[in-house]
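Open the viewer and get your selection tool ready.

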Amino acid sequence: MAIIREFLIIALLCSIGVAYSLLSGKAPKYTELEAGAILFQDASALEPIWIDARSRQDFEQSHLPAAIWYDSNPESESLLTIFEQWFENPRVIVVYCSDPRCKLSQQVAEELRNNIEGAEIYHLAGGWQP
Amino acid sequence: MSLSAKIIRSIFRVTIAAVLIYAALPKINDPRAFAEAIDNYRIIPLSWSPTIALVLPWLELITALALFIPWLKRSGSLLATSLFAFFTLLQSITWARGLTIECGCFGSAVSTEQIPIYWRISIYALITLAAAYICRREFKTYNLQLQSRLPQQP
């Protein structure tokens with residue numbers, strides 16, 4: 001019985017610690033992935049074609065290795081470049097922007113889905129920041 | 001118990017507590033990074049990792065402290081043995097699955113990527129043995145104390 005009492009004391013002390021973490025706002029939150037989203041670690045494991053949906057300036061400052069900058073201008077050749085890369089070596093395409101609330105990556109992913117038939121396209125959950 | 005056995009026990013106790021505290025503090029400070037490290041193991045549902053990331057570091061810290069509190073030594077040593085046995089098993093499974101991921105053992109502050117996984121397994125296995133030794137001694141001491149409290153037969 002004494003050992004059970006010891007474990008209960010340890011559990012109580014742990015609860016106090018957990019309560020402290022919760023109150024200090026450090027608790028991690030689980031957010032359900034929305035349709036078409038992918039986590040960074042999952043995406044990295046797939047060695048995808050990275051598409052940078054941020055501004056040209058942000059892209060030039062830093063970007064993920066071998067990422068392609070997506071120019072939303074209808075006259076640009078971004079779509080063609082992406083299609084060529086995918087056609088040469090078909091693999092997953094992941095679009096990212098910088099902010100978790102940024103909707104641009106979702107819009108670009110949708111645009112790519114409409115234009116590249118058969119490709120597996122996701123937007124990066126949480127965005128990417130250098 | 002001989003003096004050398006007492007010294008060995010103290011060294012083991014301090015080492016185990018130091019490893020547990022060193023592992024717990026960065027994870028208490030940044031549970032989000034630890035939750036990501038747990039997710040990388042792909043062993044539990046993603047929805048569980050925030051809770052584990054919140055509870056496990058505190059359990060490590062309290063276990064480390066319990067190793068020095070006289071009335072918590074038994075449960076502390078038993079928990080330490082269980083924790084390190086679990087970590088050894090987890091690393092072994094990770095190795096068997098061929099995953100090359102960051103251990104996450106010491107939070108995001110310390111990278112263990114440079115340490116080959118078989119070394120990590122060996123270190124954890126050794127610490128498990130040391131914890132098991134302390135655990136055995138604690139239970140033995142407790143039983144002896146109980147026996148000495150029993151009324152002597154005439």
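Select the contact between the chains (heavy atoms within 4.5 Å): chain B brings 29 residues to it and chain A brings 22 residues. This is a predicted model, in which local features need pLDDT of at least 70 and side-chain atom pairs count only at pLDDT 80 or more, while totals for chains, interfaces and linings use all residues. Residues are numbered from 1 along each chain as its sequence is written, chains are lettered from A in the order in which they are written, and side-chain values use heavy atoms, with hydrogens and water left out.

Next, color the interface by element. Carbon and sulfur atoms give 71% of the area buried between chain B and chain A, about 2,200 Å² (accessible area lost on putting the two together, 1.4 Å probe, summed over both).

Now pick A:Glu6 and B:Arg74, whose side chains form a salt bridge at 3.4 Å, N to O (a side-chain nitrogen of Lys or Arg within 4 Å of a carboxyl oxygen of Asp or Glu). The count between the two chains is one salt bridge.

Which helix of chain B gives the most to the side that touches chain A? Select H3(B), which supplies eight residues; helices here are DSSP runs of H or I with at least four residues, and strands are E runs of at least two.

Finally, go to A:Glu47, in the loop between helix H2 (40–45) and strand E2 (49–52) of chain A. Its phi is positive, about 45°, although A:Glu47 is not a glycine. Most residues other than glycine have a negative phi.
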